Amino acid sequence: MASPTDTAKVLDTSVIVDGRIKELIAANFMPSNFVLPEFVLNELQRIADSADPKKRARGRRGLEILEQIKEVTPRLAIIDKDFPELRDVDNKLIALTKEIGGELVTNDYNLQKVAQVHNVRVLNINELANMLKPSVYVGETLPIFVAKEGKEQHQGVGYLEDGTMVVVEDGRGHIGNEIEVQVASILQTPAGRMIFARRMDSTESGSHPRVAGGGASRRGPRTRSGAPGNAFSALASNGA
């Protein structure tokens, strides 16, 4: 049970819809008091009532996650505090968190950066997930199931068990097969990691992987076949 003096953690819309916060609370990795602003609840309800089916599904998922959070902890309080002079929910979140001296919990990278400018402490679940990913280093060899073609000619793409995308130089001809690769470089982005590798049977020829454009994959975790991974690896996904 959290102490009444514990710093309150303010939940934003993105981290509720994401759902991993519920697992962290249930596992007691975040033994704190949690605050749900009324304006965030209203935003979820508006999204759930949207005519857009994708938005509607996100809103309904968020409301379901909230019910599940209430079941796993008695430490969630809804605060009916608004800032009518601020129209944007992100600005309201920053103002509320600053006023109560709390910490903002989010998955929104842009909100995180703006909040930090206002000297508001932010806990980004995606950053936590990235920290929990197994270490991979340049020069390491590993087996990769090549699931699809890459953006550049001759490239193939596979995934680590935690969902991290691996771009394999000269891997296009091996789609549907597992091959040994050597890590050539690692690109770290706000969204997660992207690994560039070359086939082990081509390393002696001195070929170098060409870095494709774009950021890290936002897919969930993949197994060798490209199907979703298990629940444990899911914590380290969603940003990779």
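1. Let's start with Asp82, which counts as partly exposed at a relative accessibility of 41%. Please keep in mind as you read that this is a predicted model. Which residue does Asp82 form a salt bridge with? The partner is Lys92, and the closest N and O atoms of the pair are 2.6 Å apart. Asp82 sits in the loop between strand S3 (76-79) and H5, whereas Lys92 belongs to helix H5, so this pair ties together parts that are ten residues apart in sequence.

2. Some salt bridges go beyond a simple pair: shared partners join Lys9, Glu103 and Arg121 into one network. In general, side chains of opposite charge can pair when their charged atoms come close. Lys9 is in strand S1 (residues 9-11) and Glu103 is in strand S4 (residues 103-106), so the bridge ties together parts that lie 94 residues apart in sequence. Are these two residues buried or exposed? Both Lys9 and Glu103 are buried.

3. One more pair deserves a look while you are on this topic. Arg20 forms a salt bridge with Asp18, with 2.8 Å between the closest N and O atoms. Arg20 is buried, its relative accessible area being 8%, and Asp18 also counts as buried, at 15% relative accessibility. How many salt bridges does a search of the whole structure find? The search finds eight.

4. The chain has eight helices and eleven strands. Of its 240 residues, 45% count as buried. If you take the contacts with a separation of 6 or more, 60% of them are between residues 24 or more positions apart.

5. The axes of H3 (residues 38-48) and H5 (residues 89-100) come within 10 Å and cross at roughly 155°. Why are the two called roughly antiparallel? An angle over 145 degrees counts as roughly antiparallel, and H3 and H5 are therefore roughly antiparallel to each other. Their crossing is left-handed. On the H3 side, Phe39, Val40, Glu43 and Arg46 take part, and they meet Val89, Lys92, Leu93 and Leu96 of H5. By class, this contact has five nonpolar residues, three charged ones and no polar ones. Notice that Lys92, one of the H5 residues here, is also the partner of Asp82 in the salt bridge of the opening point.

6. H3 packs with helix H4 (residues 53-72) too, at an angle of about 140° and with the axes 6 Å apart. That angle makes H3 oblique to H4. The crossing of H3 with H4 is left-handed. From H3, the contact draws on Leu41, Leu44, Gln45, Ile47 and Ala48, and from H4 on Lys55, Arg56, Arg58, Gly59, Arg60, Gly62, Leu63 and Leu66. These residues divide into six nonpolar, three polar and four charged.

7. Ala48 gives you a close-up of that packing. This residue is placed in helix H3 and is buried, with a relative accessible area of 5%. What does Ala48 touch, leaving aside its neighbours within four places in sequence? Its contacts are Arg56, Gly59, Arg60 and Leu63. Ala48 and Leu63 are 15 residues apart along the chain, and their C-alpha atoms are separated by 8.2 Å.

8. Finally, two backbone details are worth checking in the loops. Most residues other than glycine have a negative phi. Asn119, although not a glycine, has a positive phi of about 60°. Asn119 is found in the loop between helix H6 (109-117) and strand S5 (122-124), and at 70% relative accessibility it counts as exposed. Asp170 also has a positive phi, near 60°. Asp170 lies in the loop between strand S9 (165-169) and strand S10 (178-189), and it is partly exposed, with a relative accessible area of 26%.

Methods: Residues numbered from 1 in each chain as written. Predicted model: local features only at pLDDT ≥ 70, side-chain atom pairs only at ≥ 80, totals over all residues. Heavy atoms only, no water. Axes fitted to C-alpha atoms, helices over the stretch in contact; angles between N-to-C directions. Helix = DSSP H or I, 4+ residues; strand = E, 2+ residues; numbered from the N terminus. Parallel < 35°, antiparallel > 145°, perpendicular 65-115°, else oblique. Left-handed = near helix turned anticlockwise from the far one by under 90°. Contact = heavy atoms within 4.5 Å. Nonpolar A, V, L, I, M, F, W, Y, C, P; charged D, E, K, R; others polar. Buried < 20%, exposed > 50% of the residue type's maximum accessible area, 1.4 Å probe, protein only. Salt bridge = Lys/Arg side-chain N within 4 Å of Asp/Glu carboxyl O.
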